[in-house]
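I opened my notebook to keep track of what I looked up, one entry at a time. Here is the structure I was working from.

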6 protein chains.
Amino acid sequence: MRPSGRNPADLRPVTIETGIIKHAAGSCMIRCGDTHVLCTASIEPRVPPFLKGSGLGWVTAEYGMLPAATNTRNRREAQAGKQSGRTQEIQRLIGRALRACVDRVALGERQITVDCDVIQADGGTRCASITGGWVALRLAVDALLKTGDIRTDPLVDHVAAVSCGIYGGVPVLDLDYAEDSEAGTDANFVMTGRGGLVEVQGSAEGAPFSRDELNTLIDLAEGGIRELVAAQKGCLA
Amino acid sequence: MRPSGRNPADLRPVTIETGIIKHAAGSCMIRCGDTHVLCTASIEPRVPPFLKGSGLGWVTAEYGMLPAATNTRNRREAQAGKQSGRTQEIQRLIGRALRACVDRVALGERQITVDCDVIQADGGTRCASITGGWVALRLAVDALLKTGDIRTDPLVDHVAAVSCGIYGGVPVLDLDYAEDSEAGTDANFVMTGRGGLVEVQGSAEGAPFSRDELNTLIDLAEGGIRELVAAQKGCLA
Amino acid sequence: MRPSGRNPADLRPVTIETGIIKHAAGSCMIRCGDTHVLCTASIEPRVPPFLKGSGLGWVTAEYGMLPAATNTRNRREAQAGKQSGRTQEIQRLIGRALRACVDRVALGERQITVDCDVIQADGGTRCASITGGWVALRLAVDALLKTGDIRTDPLVDHVAAVSCGIYGGVPVLDLDYAEDSEAGTDANFVMTGRGGLVEVQGSAEGAPFSRDELNTLIDLAEGGIRELVAAQKGCLA
Amino acid sequence: MRPSGRNPADLRPVTIETGIIKHAAGSCMIRCGDTHVLCTASIEPRVPPFLKGSGLGWVTAEYGMLPAATNTRNRREAQAGKQSGRTQEIQRLIGRALRACVDRVALGERQITVDCDVIQADGGTRCASITGGWVALRLAVDALLKTGDIRTDPLVDHVAAVSCGIYGGVPVLDLDYAEDSEAGTDANFVMTGRGGLVEVQGSAEGAPFSRDELNTLIDLAEGGIRELVAAQKGCLA
Amino acid sequence: MRPSGRNPADLRPVTIETGIIKHAAGSCMIRCGDTHVLCTASIEPRVPPFLKGSGLGWVTAEYGMLPAATNTRNRREAQAGKQSGRTQEIQRLIGRALRACVDRVALGERQITVDCDVIQADGGTRCASITGGWVALRLAVDALLKTGDIRTDPLVDHVAAVSCGIYGGVPVLDLDYAEDSEAGTDANFVMTGRGGLVEVQGSAEGAPFSRDELNTLIDLAEGGIRELVAAQKGCLA
Amino acid sequence: MRPSGRNPADLRPVTIETGIIKHAAGSCMIRCGDTHVLCTASIEPRVPPFLKGSGLGWVTAEYGMLPAATNTRNRREAQAGKQSGRTQEIQRLIGRALRACVDRVALGERQITVDCDVIQADGGTRCASITGGWVALRLAVDALLKTGDIRTDPLVDHVAAVSCGIYGGVPVLDLDYAEDSEAGTDANFVMTGRGGLVEVQGSAEGAPFSRDELNTLIDLAEGGIRELVAAQKGCLA
């Protein structure tokens, strides 16, 4: 039995509230159960040096966690003087995931930075950041389309993410913190609205896992992603 | 005329919503017009080295601003690798202000860290942090009193803060960003519920100011603080 | 056609030379084609703070690249003042992968640090680091068994890693730099000697990939890992 | 009774010696009792990026303390790898205070950096830095006027600073270290030669203070500033 | 008696193996007994800012030590976040030494960076770095001459280095770690192929040394340098 | 002819003024021509970790330069966030030099930190720091002898330092900045009061130097050191 009483293929309740921050081109608060992430997308008229003059745009992401977001207060990274390896790994993943649905020619030579700040954490913060980050990106791109700054929609599909894992020997969808800290295998899947795989990351925490188990996890993820994409569509409707 | 249409002695609308973060001992979101600050108070069983074995408690504060909180995206300090001088100055002020109402013997040898994270900024973020931070601190202390971890209430009074300034030659209360960036003199006042002064900080931005002007600013601040203390009481009732 | 003329399921020539560094408990130079990594394992009698007194051991990894290892000189991280996000991500992966085959009770309260320093890079450095790092770890553990410092072998299986990708539309094994920089999908697989999955990481670089493609990549990886485990056995015989 | 035997409204003996450093455009050693600060002003032909092309000049300040300046040796900040929050707060204050008397159009597009290095500390180092820093700035500006690099004097008035506080229940002027570490309220005042207020900073260290007490502190400060401005004039005569 | 059984004027066996790294313009592995240093020379088309437009070239050096190179694992400097004072002192010495034989006009406006990475340490790593670094530099310059990028050979002589010291009261050549850690006086000499002195660094570790002792150490060094220059010539033949 | 009109064997005028800083156990301002260094010695009751429980004392040094000490303002290292390689090299040299005259058993398990801060620079700052640093150390040790904290004088001799160089083809003593920036060879010598060599550092800036030239430089240094030791004795008398 899952600590939350959910069935193996159940997502936590998902809500996505848009228009949270007046200064950001796009913003939303995504809540996956008790995991709450504020996602914003800011447009800047410049690109990183390696793209200068290329005509191509760039989408990048940054990730942070408020000190009180976790069970015991976590140290503020600005105070520590650096981002942890975990933070850097997560923000690299979010950036890669979001770029997978972007036509960088259509975006034109500008950068959109998607900031994902975890307000409250209960497992699955990187996946919620991707799913919510896509909504913020969508809203920012809509603003550019509306003003005529860009003509062709550079977002070619939805992108969403969900975690799966083997908890108590049973493959389950969308782990919360209680499950995540006990899971034997932990995996994150990023997929497009049409079901293509963008990123697959599976780690054995104890015993190795088999190809059959990997396949079951992907089955679960496909179901979860469908619901998350529906939630993205719902909040934008 | 003020850009917002307010009268000189008008505060912006204030709301304080408590119980925002489930992991923090105390938390609230304070909204002073378009300035929104999430304040949390976390209790730790240890004190800084200079207080070890003294029997005295400690209250400290940290301040941060989300990258998208401002008009143009501000650089994430964790990325930059250090907190700016402005950030350090503000968090030192918040900590001093909150300690002014704490009986550190009654608190006992424990530390409460108040984190103030600006979600959206429109002027007056340090003052909103103090006013909201006091509420988070109050809630954390209430939790300690309820569990019996402490017996005597260590909070001897309310503490709240408000800014004033000379805008267009007229002394006004509670500057928003549009006023703050144009104000001739800018001052922050921290006071207790009984009206005692905890901190006075006034700066001439252009021409020096007179003692008469300083006195008018304090008059305005006293009125504002009374309303803010009422809002603190209201949200806790 | 692959730039190197290899067939899709061909590994690059692999050699593993042991006993490279006289001070390290275990060491080897692994050469996968033109990718050369020096792997060492150092034993220390202490563990990280979170394991103190637990009786459990720890295995961790660090990764570095000599400035002249790449086509154009890369900046020395010690000079830059920090490890890049990429470096941290890789060394976290190596550590996780190696710990997957370690019985930490049998290891006892000591730490083994596996350093993987890339002498020359031509793609696949993180996979070579894991495969070579396991050999260094094996040698260090053998030393501990020989002196009687530990009684039960804490290494429960081999661990090796290989990359796969979709190059020119064709799934291929063990990408070199020329392929890696052009590949549509890039994946790394870490497996045990008995074929269990330890880590799966697949990223779409352009178009998303399908479950069928993922399955083909795993098939290729299984063949490659078998050869790499044979090479590990060969160098230790 | 004050530890030094001074009356409440007595400054410590002040001397300002000019022409200390041959390389600096302006320099002085200010001694306020046992607080000794070396102040220099260096002229550079460039301004910060945000002023480039504006025609406006800039005055900024940096503050430091030699390790042996204090009772027990304080750690060298260059060794620690960063300036403390206190140091940054002080140098921001000095810069703001000095800019209050500068006509930045008349200064023209150049920067003057005022360095204030505390050689020996006995309380009131930030105030001594402002008073001495103004003399160094005055001398550097005089050099620019003499060479004809600027035509109109950009210094519109004197600026000086003094601390006051409530010591043993009595408001006193110009606290030394023995008083400062015991004072109930601690305030710093920056004023112009004509008596305008440039900066007011008052902090309750224990109990809050009243408006009457604040007024008494300002009365004391006005007397002190008059003497300090006279000392500035004296050393330049 | 020396721990290694060598006579006072004996070098350790020296071998220099070239062509170690395919990406570097010049590279070698120098082995002085158990001290092994990988030296590479990388050519870049730009010079440091202070030489821009001067027509002059630049040669600089960086030094590092693999964590497992020493008896007990030394902390990775990239992890520590900075290069130690010792590292910086050594790489400044290597750079100065190599520049002593370079005609910077003939080199033209380009930079050659010589990286010296200690793979295994047994005393004398800075001297081995200079001797091996010169070979890498020679090979990189040969490449530039061969392609016609430069016309006149900018290397005007050989440069090599050796340590000497007073061990057990006896002046000896080329200290290994066992001697170095016990030596009363420790000196490093850098000389040209024609015997000119480039750098002399002698330190008393306990009692001061006399001019006679210094002269004996130079005599020993001259002999050692002659052999090292012969080894340089041998590996290039 | 030397720019200052001095003869080759002439030192610049030297003065050493003691008792500069009231908080330091020992302090002096040494002036070698226009090079002015403030040297202080602070006693701390603890030693570095590697000496804990050994009964041995430690003497260490730190070096800094005020921003306005040089011709053009140099960047404050505390602001830059790290000490330069040059600074670290110099403070390591000062520490080694001073330890050469210390009986660390007699000193007992305590640390003396000698801070050398350059107030004004005109060449030879490291040598002036050593010569002045020894005086500060002497005064701090005298204080310990006077209070009876130590019984046997741990300073076994004087230590002083001077630079020499080949300027315009002529070996000269005690280079000032104008000479130093043009000198062909630059050397620093640290010697004891009895004439023993503690440290010899000679660098060819252009052409190599010969053993004869080195000997002439040592002759000059011996004369200079005798005068500096006399100045040390004079200021302490």
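Predicted model: local features only at pLDDT ≥ 70, side-chain atom pairs only at ≥ 80, totals over all residues.

**Entry 1: the annotated spot in chain A**

I started with one side-chain pair: the side chain of A:Arg86 makes a polar contact with the side chain of A:Tyr63, at 3.4 Å.

Next I wanted to know which residues the "binding site" annotation covers. The UniProt record, an unreviewed entry, puts A:Arg86, A:Gly124, A:Thr125 and A:Arg126 under that label. They span 41 residues in sequence, yet no two of their C-alpha atoms are more than 13.4 Å apart, so they gather at one spot.

I then looked up where A:Arg86 sits, and found it in helix H2 of chain A, which covers residues 85–99.

Within chain A the list has A:Tyr63, A:Met65, A:Thr125 and A:Arg126.

**Entry 2: A:Thr125**

A:Thr125 belongs to helix H4 of chain A, residues 125–147. I get 7% relative accessibility for A:Thr125, so this one counts as buried.

Which residues does A:Thr125 touch, once those up to four places away in sequence are set aside? I noted A:Thr35, A:Val37, A:Tyr63, A:Met65, A:Arg86 and A:Val118. A:Tyr63 turns up again in the polar contacts: its side chain pairs with the side chain of A:Thr125 at 2.6 Å.

**Entry 3: where chains F and D meet**

I moved on to chain F and chain D. The contact takes 35 residues from chain F and 35 residues from chain D. About 2,800 Å² is buried between the two chains, with 47% of that on carbon and sulfur atoms. On the chain F side, F:His23, F:Arg73 and F:Arg76 supply 24% of the area buried against chain D, more than any other three residues.

How many salt bridges does the rule find across the interface of chain F and chain D? I wrote down 12. One I looked up joins the side chains of D:Arg76 and F:Asp115, with N to O at 2.7 Å. The rule also finds 22 residue pairs in polar contact across the interface of chain F and chain D.

I then checked which elements of chain F touch chain D. Strand E3 (35–44), strand E4 (58–65), helix H1 (77–80) and strand E5 (111–120) each supply at least two residues. E5(F) gives the largest share of that side, six residues. Sorting the residues on that side of chain F by kind, I got 13 nonpolar, 12 polar and 10 charged.

**Entry 4: pairs with no contact**

I found no contact between chain B and chain C, and their closest C-alpha atoms lie 10 Å apart. Chain C and chain D have no contact either, with closest C-alpha atoms 12 Å apart.

**Entry 5: D:Arg12**

Last stop: D:Arg12, in the segment before strand E1 (14–18) of chain D. Its relative accessible area is 6%, so I put D:Arg12 down as buried. Leaving out neighbours within four places in sequence, I found D:Arg12 in contact with several residues of chain D, including D:Arg6, D:Cys32, D:Thr35, D:Asp122, D:Asp174 and D:Asp176.

Key. Residues numbered from 1 in each chain as written. Chains lettered and ligands numbered in written order. Heavy atoms only, no water. UniProt positions renumbered as here; feature names shortened; annotations may be inferred. Helix = DSSP H or I, 4+ residues; strand = E, 2+ residues; numbered from the N terminus. Contact = heavy atoms within 4.5 Å. Polar contact = N/O pair within 3.5 Å; in protein donor to acceptor, adjacent residues only side chain to side chain. Buried < 20%, exposed > 50% of the residue type's maximum accessible area, 1.4 Å probe, protein only. Buried area = accessible area lost by both parts, 1.4 Å probe. Salt bridge = Lys/Arg side-chain N within 4 Å of Asp/Glu carboxyl O. Nonpolar A, V, L, I, M, F, W, Y, C, P; charged D, E, K, R; others polar.
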